[in-house]
Amino acid sequence: MNKKAFITLEYNKILLKLEDYASSEEGKKEVRALEPSSDINEIRTNQDETESAVNRIRLYGNISFSGVKDVRDSLKRLEIAASLSIPELLAISGILTVAARAKAYGRDTDEDKKAPKPVPREIRKVQHYTKNLQNQASVSSEEPESTEDALSSYFHALEPLTPINREITRCIISEDTVADDASDGLYSVRRKMHVLEERIHSQLNATLNASRAMLQEAVITMRDGRYCLPVKAEYKSSFPGMVHDQSSTGSTLFIEPISIVRMNNEIRELEAEEKKEIEKVLETLSSSLMGSTEQIAEDIRLLSHLDFVFAKAKYAHSIKATKPGFNDRYYINIKDARHPLIDPAKVVPISIYLGDEFSMLVITGPNTGGKTVCLKTVGLFQLMGQAGLFIPAFEGSELAVFDEIFADIGDEQSIEQSLSTFSAHMTNTVRILGQADAHSLCLFDELGAGTDPTEGAALAMAILNFLHNMQTRTIATTHYAEIKVYALSTEGVENASCEFDVNTLSPTYRLLIGVPGKSNAFAISQKLGLPQFIIDDAKSRLESEDVKFEDVIASLEESRVTVERERAKIEKYKTEIEEYKRRARESSKGVEKGRDRILQKAREEAAEILADAKETADSIVKELRKQEQNSASTMDAEKTRSKLNKKLRETQASLSSGSDKVKGPAQPISPKKIRIGDTVKVLSMHLNATVATLPDQNDNLYVTAGIIRTKVNIRDLELVHEPSVSGPGIEHKKGSTKGRGSIGMSKAMGISPEINLIGETTSEALPELTKYLDDAYLARLPQVRIVHGRGTGALKKMVHTVLKKNKYVDSFRLGEYGEGSDGVTIAFFKK
């Protein structure tokens, strides 16, 4: 893939950021060498490795690979049986230590994946039973699902050579120190040296004390590796010994006392022996590594790659990136993409797709509107994805696999090469056209700009048409109206625009596919202070066709904004409707309860009526018996008794099941004659109601009785012309509920489930509330809503006092959120 696109799309900057997350020099080298692949299988493998690293970090924490160094030269020396130095052995030991740490990390994470989760006892029983059935049926169980990921093989292949590494770390303390117990010979030599050094110090201290007057200072120094004393120059002949050095002024001579010359010579001999013993130790350690050079080289390769993969995972986490999907159909669908090099607090997500319904996208819009960012985002995401990196976009984004990605973006004029802006762009375009094919992605910024607009537009259309015929996936930005028309009239080419807010005269950086954009040059110029008369003059110089085309685009833009605004309103309405539906479902539950309560009351009244009828019948029977005793006609008495028993059976059969058997209306109602607001009697419920809706095709309609709203069939209704509460000739027995029932039906016709007392004084509201509660109870409302407001609290206090004393009220409470809160009281009547 051409390297020029890497620089143009700033892929190299991504690698610099990625390099910071690698903890070893070898891992950093692998990052610097990372290039996109055009093999879809290789890309998916690399993406799987990145995903595995992301999951391991998320579940088990991070791991460091610092300590992996390039020791290939040392390994070559081992292959020819050469002995390694202390730093070389320490470098290899560091690699083996990192390998051991990584091996343990991989082992722990894999074992954690394989660890069985606790299974409830009931499930264990079912599993045991199922296993027995499988054994009886001789059904072989399936292989358990593998818990390894794309990195498990790397961790398994590591060989830390623990015994050898442990010996190296035991023998070598630092880059300039070998442990005393590295070998027996070294231990013996260093012990002798220690004893001899103590004797030298003792002798020097004795000489120093005895000759203090001859010394410049009472200190012991080293010159050329030998112990000396600083003697004054005038005492040179008086102080026996060997002169090794003198001060810059010549006033001090550094003399080795004659008494320790021999011991210093012995120290030099022991140091030579120590060096030989150290060389033997290094030779022994090197020999232990000679048979493992290939494994060490493999460990370096594995650790470097793991460091590189985990660097990709850590970078993905830092930019909140996700794993993209890949296809070989040259289809791109990026959702909510955020350019990784733009400040996360300022970047505006864009969504873009290409390669399905259209293979070429023409982006138009004002300058600084985000067109170039769109181009760079698509190109950079393709490079990142094909290199095995995650992309900062929404889950489910999909990328294609291109053999080449070409980009002509930015000002590439060259003074040295005598190239103008147009010439530089055209040179680059010629190179692209010579290499692009159906497996390429081409990105052009301001195609055809930098020359005569008419010729530039024609040239740009010709280039785009050539690429379109080649079926090359192409995205181009432009200001030319001719190219917008080309995109509108050419199949497989689509317009897009970067949204511009005309009201604020600023871009929103949103990409809108399917809508061509205006350049808004006049509006921007006016905002920047260009005089209005100049702008008007410029508008007058536009061709009428151009003006009409720009007006069409403006109209499209206004229509799009209106549609989006209306769509937002629709979504809001949908939400509100769902809320109303939820409230309606909750309210219907209360309505059903109220309906059941009314039906129960009706059944109770019917039972009382039946009891009265039986009582009347018994009295009649007694009268008949008296007639029999008075020698009345037996036949007449029997006829009267039979007729009465038949009437009683019919009455009991009609009332025993409540509303199970309902007598039809005396005068059926025609669906065409019924009107909303008519008063009707619901025969199945034995109550009067008001028509709320007209009948549907099945002759069903809604009626309301107080706060109850229910659906009934027109065949269950009977028109009530004049609702009668009481009248002449109507008598009610004391304590009978028939009078209350008829009054309740009358009250239910006009009673409201709510009373509003706001604005009234307590003296005004008290009688109104008392009468309302009586009417509501007679209308058999299950509950009422009393609106008293917050105010000073006097009305609320009065309402609660009345409710506590009212014998019909079962309980009450303040309203909840959505009911009026503490400005409303809900009262519930006794059943």
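Me: Contact means heavy atoms within 4.5 Å, so which residues does Ile 92 touch?

Reply: Ile 92 touches Val 71, Leu 75, Leu 78, Leu 84, Leu 289 and Ile 296, if residues up to four places away in sequence are not counted. This is a predicted model, in which local features need pLDDT of at least 70 and side-chain atom pairs count only at pLDDT 80 or more, while totals for chains, interfaces and linings use all residues. Residues are numbered from 1 along each chain as its sequence is written, and side-chain values use heavy atoms, with hydrogens and water left out.

Me: OK, what's the overall make-up? How many helices and strands?

Reply: The protein has 23 helices and 25 strands. Both are DSSP runs numbered from the N terminus: helices are H or I with at least four residues, strands E with at least two.

Me: What share of the contacts join residues at least 24 apart?

Reply: 68%, among contacts between residues at least 6 apart in sequence.

Me: Back to Ile 92. Where does it sit in the largest nonpolar core?

Reply: Ile 92 is one of the residues with the most contacts inside that core, along with Leu 303, Phe 310, Leu 361 and Ile 475. The core has 98 residues, and helix H12, residues 293-318, gives the most to it, with twelve residues. A second, separate core has 21 residues, including Ala 779, Leu 781, Val 784 and Val 809. Such a core is a set of buried Ala, Val, Leu, Ile, Met, Phe, Trp, Tyr and Cys residues joined through side-chain atoms within 4.5 Å.

Me: You listed Leu 78 as a partner of Ile 92. Where is Leu 78, and is it buried or exposed?

Reply: Leu 78 is in helix H5, residues 72-79. Leu 78 is buried, at a relative accessible area of 1%.

Me: What else does Leu 78 touch?

Reply: Besides Ile 92, Leu 78 is in contact with Leu 84, Ser 286, Leu 289, Met 290 and Thr 293, leaving aside neighbours within four places in sequence. Leu 78 and Ser 286 are 208 residues apart along the chain, yet their C-alpha atoms are separated by 7.0 Å.

Me: Val 31 is in H3. How do H2 and H3 run?

Reply: Their axes come within 9 Å and cross at roughly 165 degrees, so H2 and H3 are roughly antiparallel (over 145 degrees). Axes are lines fitted to C-alpha atoms, for helices over the stretch in contact, and angles run from 0 to 180 degrees between N-to-C directions. Leu 15, Leu 18 and Glu 19 in H2 meet Lys 28, Val 31 and Arg 32 in H3.

Me: And at what angle do H22 and H23 cross?

Reply: Roughly 35 degrees, with the axes of H22 (762-778) and H23 (794-805) coming within 10 Å. The contact includes Leu 766 and Leu 769 of H22 and Met 798 and Val 802 of H23.

Me: Last one: where is Gly 225?

Reply: Gly 225 is in the loop between strands S3 (221-223) and S4 (226-232). Gly 225 is partly exposed, with a relative accessible area of 30%.

Definitions and conventions. Buried means under 20% relative accessible area, exposed over 50%, partly exposed in between (1.4 Å probe, protein chains only). Contact means heavy atoms within 4.5 Å. Angles under 35 degrees count as roughly parallel, over 145 as roughly antiparallel, 65 to 115 as roughly perpendicular and the rest as oblique.
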